Amino acid sequence: TLRKPISQSSMADWASKNLNMHTQGIFRRRISISNMLSWNGGSIKKPMLITSSRTIKKEACEMFKLVQSYMGDRQTRMDRNHVALVTVTKCWSMQGLRDELYIQLIRQTTDNTCYQSLAWGWELMAISLAFFSPSPKFQSYLEGYIYRHLDSDEKIAQHIKDLKNKKITKSRKKRKQNTEDEGLPISTYAKYCYRKLQKVAVTGGKKGLRKPTVEEIMHARNAILTPSLFGSSLEEIMLRQQDMYPGNKLPWVQTQLSQQVLALGGEQTEGIFRIPGDIDEVNALKLQVDQWKIPKSLSDPNIPASLLKLWYRELEEPVIPQQFYKECINNYENPDAAVAVVQLLPELNRLVLCYLIHFLQIFAQPSNVGRTKMDVNNLAMVMAPNCLRCQSDDPRIIFENTRKEMSFLRMLIVHLDTSFVKGLV
């Protein structure tokens with residue numbers, strides 16, 4: 001469901017308070033907010049947003065050139081993947097540049113008369129959202145901007161036509177015009193960016209110490225059209241694997257990662273699911289899995305175990321859908337009622353959940369608990385947040401429900417008959 005974004009007047013108010021107003025001409029007249037937020041073919045001499053950091057002031061002007069290079073509005077010797085990599089790495093490394101990049105992209109995708117440049121600007125925004133979120137204070141502004149482009153293809157085409165018919169300024173005359181309408185519809189980018197913004201605001205983007213790579217840039221671009229196996233809905237994932245694994249009843253990513261944990265001796269590894277795998281190794285495996293590959297070089301079961309938890313946690317809708325959350329919380333002490341809730345789930349969710357419970361039941365066996373130190377209570381504690389999501393913002397309710405979520409999952413591990421999923425793929 002789409003939240004109602006901030007109004008146009010609120011966005012204008014935000015801009016008037018946060019934009020670093022530029023000047024022009026010998027009399028240094030201030031440029032209007034609308035001009036500050038319209039496509040610019042030249043360079044900028046100071047950042048778009050107010051900042052006191054000297055480093056940000058310098059980097060922001062260089063970054064504007066990179067944005068123009070990626071969008072095809074400035075010549076460069078680098079290919080577009082490397083332009084994106086340099087841009088994203090700057091912002092990933094320097095938090096203060098992130099909002100600056102997003103406001104620059106908003107500017108360069110506003111009143112832009114070249115459709116190809118416009119599409120590439122939106123593409124760079126989509127790629128950037130795979131690595132970092134805007135600051136909380138800027139998020140609502142960016143969200144409002146993206147929201148206004150969700151269903152705007154006809155308006156954009158007409159707007160470009162109107163702008164081209166107007167008197168073109170000298171800077172626009174110099175611009176190499178691309179008459180072909182290349183690229184995806186802008187609404188496709190906007191819809192992807194809107195979903196990605198919601199997620200990255202919660203997850204916080206790329207973690208770890210390793211800087212972004214060209215492979216990750218290309219993967220982020222491909223994800224615009226090809227949904228990732230992470231962060232999508234179960235239905236989307238099953239649809240995506242239809243060509244490669246048409247006979248599978250379960251998501252390939254779920255079964256493969258589960259089998260990898262066992263193949264590497266996870267059921268005999270102390271702290272499995274509790275001790276996280278190296279974050280950079282987990283990121284590298286995630287990239288491989290999203291390309292339907294399982295590397296043979298894996299040796300630490302904590303790596304696939306961490307990625308498996310991440311896969312469950314990032315599902316667009318949790319394994320136990322939101323409409324069943326209350327029933328789960330209400331029946332956290334009743335084994336029969338807890339098992340009955342599972343039978344009510346949609347078929348795909350029921351299969352995925354039963355496979356997970358069957359997997360956890362292997363670890364709950366006394367012979368394995370002696371080695372892992374992860375008994376049924378510990379397993380329920382680490383896995384419950386990945387299966388159930390409390391929608392409340394009240395800390396007291398969240399705290400109280402966390403205990404009930406754990407207890408509900410414990411009931412399933414102890415009492416749910418999952419023998420039918422043995423050997424299921």
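**Helix packing and nonpolar cores in a predicted model**

Helix 5 (residues 98-108) is largely enclosed by the rest of the structure, because 11 of its 11 residues are buried; buried denotes under 20% relative accessible area, exposed over 50% and partly exposed in between, with a 1.4 Å probe and protein chains only. Helices (H or I, at least four residues) and strands (E, at least two) are DSSP runs numbered from the N terminus. The model is predicted: local features require pLDDT of at least 70 and side-chain atom pairs count only at pLDDT 80 or more, whereas totals for chains, interfaces and linings use all residues. Residues are numbered from 1 along each chain as its sequence is written, and side-chain values use heavy atoms, with hydrogens and water left out.

The buried set of helix 5 includes charged residues, among them Arg 98, Asp 99, Glu 100 and Arg 107. Its buried residues pack against helix 2 (33-36), helix 3 (54-70), helix 4 (80-93), helix 6 (115-128) and helix 7 (136-147), where contact means heavy atoms within 4.5 Å.

The protein as a whole comprises 21 helices and 2 strands, and its C-alpha trace spans about 80 × 45 × 40 Å along the principal axes. Of its 425 residues, 51% are buried. Among contacts with a separation of 6 or more, 79% join residues 24 or more positions apart.

The largest nonpolar core contains 63 residues, and Phe 273, Val 289, Trp 311, Phe 408 and Leu 412 have the most contacts inside it. Such a core is a set of buried Ala, Val, Leu, Ile, Met, Phe, Trp, Tyr and Cys residues joined through side-chain atoms within 4.5 Å. Helix 18 (residues 347-363) provides the largest share of this core, 11 residues. A second, separate core of 62 residues includes Leu 105, Leu 142, Ile 146 and Tyr 189. Leu 105 is also one of the buried residues of helix 5.

Phe 273 lies in the loop between helix 13 (252-263) and helix 14 (279-289). Phe 273 is buried, at a relative accessible area of 2%, and has a positive phi of about 75° although it is not a glycine. Lys 373, in the loop between helix 19 (366-372) and helix 20, likewise has a positive phi, near 60°, but is partly exposed at 48% relative accessibility.

UniProt lists residues 232-420 as "domain: Rho-GAP" in an unreviewed entry; its positions are given in the numbering used here, feature names are shortened, and annotations may be inferred rather than shown by experiment. Over residues 232-420 the chain is 61% helix and 0% strand, with the end C-alpha atoms 26 Å apart. Ser 233 is located in the loop between helix 11 (214-222) and helix 12 (234-240) and counts as buried at 13% relative accessibility. Asn 386, in helix 20 (residues 376-387), is buried with a relative accessible area of 3%. Excluding residues up to four places away in sequence, Asn 386 touches Lys 309, Tyr 312 and Arg 313.
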